[in-house]
Amino acid sequence: MSTKHTSNYALSQWEASDPVIRVDFNADNAKIDAALADLETKKADTSALAALQTAIDSKASSASVSTLSSQLNAAKASIPKIVSTSYTGTGTCKQSNPTALSLGSISQPYLVIVRPVEGDGDGLVLLYGMTSSCSHLSGSYGSGYNVTITWSSSRVSWYADNASAQMNESGKQYRAFILGM
C-alpha cells in the first residue's frame, strides 16, 4: 500500500519500502477514468456552447433563410437517386409469372440493371420509356428471347419465355440497381 498520494486526485505514490498492491492500481485507474469522463463531458458542453454562440452571432433574416432553404431543396431535387436491391430467383417465367422490383424512393426511374450476384452470367438493362418489349441486351442467350417490360409508378416488372432470360433462375441470387429521381 502506498504511503504518499498526489494532491489533486489522491493517486498512489509508492516509496521504495511500500508494498505494491493490486487494489491500489484499480482504485487509481477508477479515479483516472472518472476524471477523463468528466473532462470529456465538459469538452462536449463547451463545444455545444461555442456552436450555439456561432449560430447566434451569424443570425440571418428569415427571408434569407427561406431563400437558402429553397435553393437547398432545388439542389436536392436535382441529385439522382440509386436504389440497390436483391432477390432470389424462383424459376418461374412468362407473362403469368413476371419478375417485379419495387422502385423504392424513386418516383421517376431512368434505368434498371439486373445481374446475377455470382458468375459471369448475362445481365438485363431496362431503360424507362420501353413500354413493350426489347431484345435481351446480353449475348449468350441468342436472339430468340424478348423481354416484355411494364412500368408503374412504384415498380417495374418484366417477363420472358424462359427463367434465364427473365433473370429468374431458381435459387440464383440477383442484384438490381435502379437509377432515377
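Which pattern does the protein chain follow, read along the sequence? The pattern is β-β-α-α-β-β-β-β-β-β-β-β. The protein chain has two helices and 10 strands; helices (H or I, at least four residues) and strands (E, at least two) are DSSP runs, numbered from the N terminus.

This is a predicted model: local features need pLDDT of at least 70, side-chain atom pairs count only at pLDDT 80 or more, and totals for chains, interfaces and linings use all residues. Residues are numbered from 1 along each chain as its sequence is written, and side-chain values use heavy atoms, leaving out hydrogens and water.

**The aromatic pair**

Rings of Phe, Tyr and Trp (its six-membered ring) pair if their centres lie within 6.5 Å; planes under 30 degrees apart count as stacked, over 60 as edge-to-face and the rest as tilted. The count is one aromatic pair. Tyr 87 and Tyr 174 are stacked, at 5.1 Å centre to centre and 20 degrees between the planes. Tyr 87 lies in S3 and Tyr 174 in S10, so the pair ties together parts 87 residues apart in sequence.

Both residues are listed below with their relative accessible area; buried means under 20%, exposed over 50%, partly exposed in between (1.4 Å probe, protein chains only).

Buried residues make up 24% of the 181 residues in the protein chain.

**Strand S4**

S4 (residues 99–102) has a covered face, Thr 99 and Leu 101. Ala 100 and Ser 102 form the uncovered face. Four bridges join S4 to S9 (residues 155–159), and the two run antiparallel; strands pair if DSSP finds at least two bridges between them. Trp 158 in S9 is the bridge partner of Thr 99.
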